[in-house]
Amino acid sequence: MNAKKMRKTIVAGNWKMNASKDSVESLVTDILSGASDVSAEIIVCAPFPYLSQVEVLIEGSNLMLGAQNLNVNASGAFTGEVSAEMIKDFGANHVIVGHSERRSLYGETSEIVAEKTKAAIDSGLTPILCLGESLDQRESGKTESVVSEQLNKVIKMVGIEAFNNIIVAYEPVWAIGTGMTATPEQAQAVHKFIRDLLASSSQDIADKTAILYGGSMNASNAVELISCADIDGGLIGGAALKAEDFLQICKAG
């Protein structure tokens, strides 16, 4: 059987720090109005203050809820932080870990990302594990070494079997908000590299793990990208804030 057919298409919307009570209600309502006939798995990753609102809005629907970050600790004196159990308390199933903005703006190392991945798994959340290289790293031929270092830290921390409950997202940082875009061939090449890395530990895990593309996927390029052999959906930024565009991406798989 074709391994890609074993994997469900997944589209996750990362709203980043964009939300208000009014805009969340409008966006989620509009997504729900067109989501019932979508075969892809749909996840919306909301900012922490809006998890409760989204939980109520999506009740009984085929949408799933995710958060954008978590603290590695279960509880305690960590002012301003949010734990995996708190996220779960609002009906979330997923959490983004290691997003390029967390790595670049907040200094999250591969070790920290691995610890966050473990914290999520230990609490029963599905991590959306982000991997990817900067423009400098790509231009100096370091894409594979950067991505393998990021992934291997997680494998070492949680073990390959944990990837039964991990979604991977490849984010070419150089193609996010820069005006540059990765071609489907460039994206597919790195997705295959990631899958081959997983396969070096377990072919079965590699065949089953969903690897999403997170480099400015939009309504016009989603079909071409998702049709690639190792691209199983998208982690969507800007287009996730427009229901019509987001639904078009969801239907691309």
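Lys16 is partly exposed, because its relative accessible area is 23%; buried means under 20% relative accessible area, exposed over 50%, and partly exposed in between, for a 1.4 Å probe and protein chains only. The model is predicted: local features need pLDDT of at least 70, side-chain atom pairs count only at pLDDT 80 or more, and totals for chains, interfaces and linings use all residues. Residues are numbered from 1 along each chain as its sequence is written, and side-chain values use heavy atoms, with hydrogens and water left out.

Lys16 belongs to the loop between strand 1 (10-14) and helix 2 (21-35). Helices (H or I, at least four residues) and strands (E, at least two) are DSSP runs, numbered from the N terminus. The phi of Lys16 is near 55 degrees, a positive value in a residue other than glycine. A positive phi near 65 degrees is also found at Ser216, likewise a residue other than glycine. Most residues other than glycine have a negative phi. Ser216 lies in the loop between strand 7 (211-213) and helix 11 (222-226), and with a relative accessible area of 31% Ser216 is partly exposed.

Asn2 is placed in the segment before helix 1 (3-6). With a relative accessible area of 44%, Asn2 is partly exposed. From Asn2 to Ala162 the separation is 160 residues in sequence and 23 Å in space, C-alpha to C-alpha.

The accessibility of individual residues is tabulated below.

| Residue | Relative accessible area | Class |
|---|---|---|
| Asn2 | 44% | partly exposed |
| Lys16 | 23% | partly exposed |
| Ser100 | 10% | buried |
| Ala114 | 0% | buried |
| Ser216 | 31% | partly exposed |

**Strands 3 and 4**

Strand 3 (residues 63-67) and strand 4 run parallel and are joined by two bridges; two strands pair if DSSP finds at least two bridges between them. Ala67 has Val95 of strand 4 as its bridge partner. Within strand 4 (residues 94-97), His94 and Ile96 point one way while Val95 and Val97 point the other way, and all are buried. In a regular strand the side chains alternate between the two faces of the sheet.

**Buried helix residues**

Ser100 is found in helix 5 (residues 100-106), and its relative accessibility of 10% makes it count as buried. Leaving aside neighbours within four places in sequence, Ser100 is in contact with Glu171, Val173 and Ile176, where contact means heavy atoms within 4.5 Å.

Ala114 is part of helix 6 (residues 110-122) and counts as buried at 0% relative accessibility. Beyond its neighbours within four places in sequence, Ala114 is in contact with Lys153, Val154, Met157 and Val158. The C-alpha atoms of Ala114 and Ala182, 68 residues apart along the chain, are 26 Å from each other.

**Packing of helices 8 and 9**

Helix 8 (residues 143-158) packs with helix 9 (residues 184-199) at an angle of about 40 degrees, and their axes are 11 Å apart. Helix 8 is therefore oblique to helix 9. Axes are lines fitted to C-alpha atoms, for helices over the stretch in contact, and angles run from 0 to 180 degrees between N-to-C directions. Angles under 35 degrees count as roughly parallel, over 145 as roughly antiparallel, 65 to 115 as roughly perpendicular and the rest as oblique.

Thr143, Glu144, Val147, Ser148, Leu151 and Ile155 of helix 8 make the contact with Val190, Phe193, Ile194, Leu197 and Leu198 of helix 9.
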